[in-house]
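Reader: I have a new structure open. Can you walk me through it?

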Amino acid sequence: MQQIIVDISISPDEWIKLYQGIASDVHTTARDGRSVRFPARILSRFYLRDGIRGSFRIIFDDAGKFASIERL
C-alpha cells in the first residue's frame, strides 16, 4: 500500500464546481512534494458549510488505485 498526506482547502464555491462536475479532479501537492491528482468525490464525506479544510491521508493499493481516505 502507498499513502500520501495532503493539506486541502476547498471553498464552498470551488466545491460546487467539483460537485456539479465542472471539474472532477483535485490537484494538489503532497507534504513530501509530489504533485497529486485524485477524484474530488473521495472528499465528499468531509464537506462542511465552509468547504473542505484539513489534512488527509490517502491510501492507494499497489496498482495505484484509491483504497481509503482519513482526516488527520
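**A walk through the model**

Author: Start with burial: buried residues make up 31% of the 72 residues in the protein. Buried means under 20% relative accessible area, exposed over 50%, and partly exposed in between, with a 1.4 Å probe and protein chains only.

Reader: What should I know about the model and its numbering?

Author: This is a predicted model: local features need pLDDT of at least 70, side-chain atom pairs count only at pLDDT 80 or more, and totals for chains, interfaces and linings use all residues. Residues are numbered from 1 along each chain as its sequence is written, and side-chain values use heavy atoms, leaving out hydrogens and water.

Reader: OK. How many helices and strands does the protein have?

Author: There is 1 helix, and there are 5 strands. From the N terminus on, the order is β-α-β-β-β-β. The radius of gyration is 12 Å, close to the 11 Å that the globule rule gives for 72 residues, so the protein is as compact as a globular protein of that length. Helices (H or I, at least four residues) and strands (E, at least two) are DSSP runs, numbered from the N terminus. The radius is taken over C-alpha atoms, and the rule is 2.2 Å times the number of residues to the power 0.38.

Reader: What box do the C-alpha atoms fill?

Author: Roughly 35 × 20 × 20 Å, along the principal axes.

Reader: And contacts: what share comes from residues 24 or more positions apart?

Author: They account for 54% of the contacts with a separation of 6 or more. Contact means heavy atoms within 4.5 Å.

Reader: Let's zoom in. Where is Ser 55?

Author: Ser 55 sits in strand β4, residues 52–60.

Reader: Why does Ser 55 count as buried?

Author: Because its relative accessibility is 17%.

Reader: Which side chains does the side chain of Ser 55 make polar contacts with?

Author: One is Asp 7, at 2.4 Å. Another is Arg 31, at 2.9 Å. A polar contact is a pair of N or O atoms within 3.5 Å; within protein, one must be able to donate a hydrogen and the other to accept it, and residues adjacent in sequence count only if both atoms are side-chain atoms. Setting aside neighbours within four places in sequence, Ser 55 is also in contact with residues including Val 6, Glu 70 and Leu 72.

Reader: Switching to strand β2. Is His 27 buried or exposed?

Author: Exposed, with a relative accessible area of 59%. His 27 belongs to strand β2. Beyond neighbours within four places in sequence, His 27 is in contact with Val 36 and Arg 37. Its C-alpha is 6.9 Å from that of Phe 38, 11 residues apart in sequence.

Reader: And Thr 28, buried or exposed?

Author: Thr 28 is buried, at 17% relative accessible area. Thr 28 lies in strand β2 too, residues 25–29. Outside four places in sequence, the contacts of Thr 28 include Val 6, Asp 7 and Phe 38.

Reader: New topic. Where does Phe 46 lie?

Author: In the loop between β3 (35–39) and β4. Phe 46 counts as buried, at 10% relative accessibility.

Reader: What is Phe 46 in contact with?

Author: Leaving aside neighbours within four places in sequence, Phe 46 is in contact with Gly 51, Ile 52, Phe 56, Ile 69, Glu 70 and Arg 71. The C-alpha atoms of Phe 46 and Glu 70 are separated by 9.3 Å, and the two are 24 residues apart along the chain.
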